[in-house]
Amino acid sequence: MVGLLLQHYDWILDQNREITDAEREAWAARQREYYAQHRRQEIARHLAWKAAHPEKVITYDETRRQRIQETDDGTATLVAIARLKAKATNCAYCGSRLLRKETDHMTPVCLGGEHTLWNIVIVCPDCNLRKAKLPYAKWIERAEPQHRGWVATLWEERYGHLALESLLLPYPGARLAMQCM
Ligand SMILES: [Zn+2]
């Protein structure tokens, strides 16, 4: 269902016409509603798919590992990430107090994101799940409206120099070698 919604959204984008704010918000609201109602099923479906396709999981993991190695600029060491985690008190995406701390590549590695401290943030498990492996333009629409300010500010700090249209692409400088599962 989410896939269908995203496909339809892509189709609208492909028509190369201006999308009205009302249309955008309607799609975003439907996505959030679907996500809220089906989160557990979606996770279960994903896990079942992984269990049924072990060879694809191995290939994906290997490609991801390579991608991380290729883009690692030496800043995202285990120690540096542990320090970030130790310092973080609130989720970078929603601002809620962190009970469990997770690491997230803001631009997902499978979308060409890099394994650098610049691309890494400490977030709550709920935000991490909600964001999944979406490019910014889709992720910002899935974010709860009251959290969008946090997400947008963080994105602006890290990637604000990029052209707006590039936000619809996975990552402008991406040497895209893999797909998200
Ligand atoms: Zn959060």
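How many helices and strands make up the secondary structure of the protein? The predicted model contains seven helices and two strands, where helices (H or I, at least four residues) and strands (E, at least two) are DSSP runs numbered from the N terminus. Their order from the N terminus is α-α-α-α-β-β-α-α-α. Residues are numbered from 1 along each chain as its sequence is written. Because the model is predicted, local features need pLDDT of at least 70 and side-chain atom pairs count only at pLDDT 80 or more, while totals for chains, interfaces and linings use all residues.

The two strands pair with each other: β1 (residues 102–105) and β2 run antiparallel over four bridges, pairing being assigned if DSSP finds at least two bridges between two strands. Within this pair, E102 lies opposite V123 of β2.

A residue is termed buried if 20 or more other C-beta atoms, placed from the backbone, lie within 10 Å of its own. By this criterion, 18% of the 181 residues are buried. In a regular strand the side chains alternate between the two faces of the sheet. In β2, I120 and I122 are buried on one side and V121 and V123 on the other.

Leaving aside residues up to four places away in sequence, A92 touches V121, I122, V123 and L154, contact meaning C-beta atoms, placed from the backbone, within 7 Å.

Methods: Buried ≥ 20, exposed ≤ 12 C-beta atoms within 10 Å, placed from the backbone. Contact = placed C-beta atoms within 7 Å.
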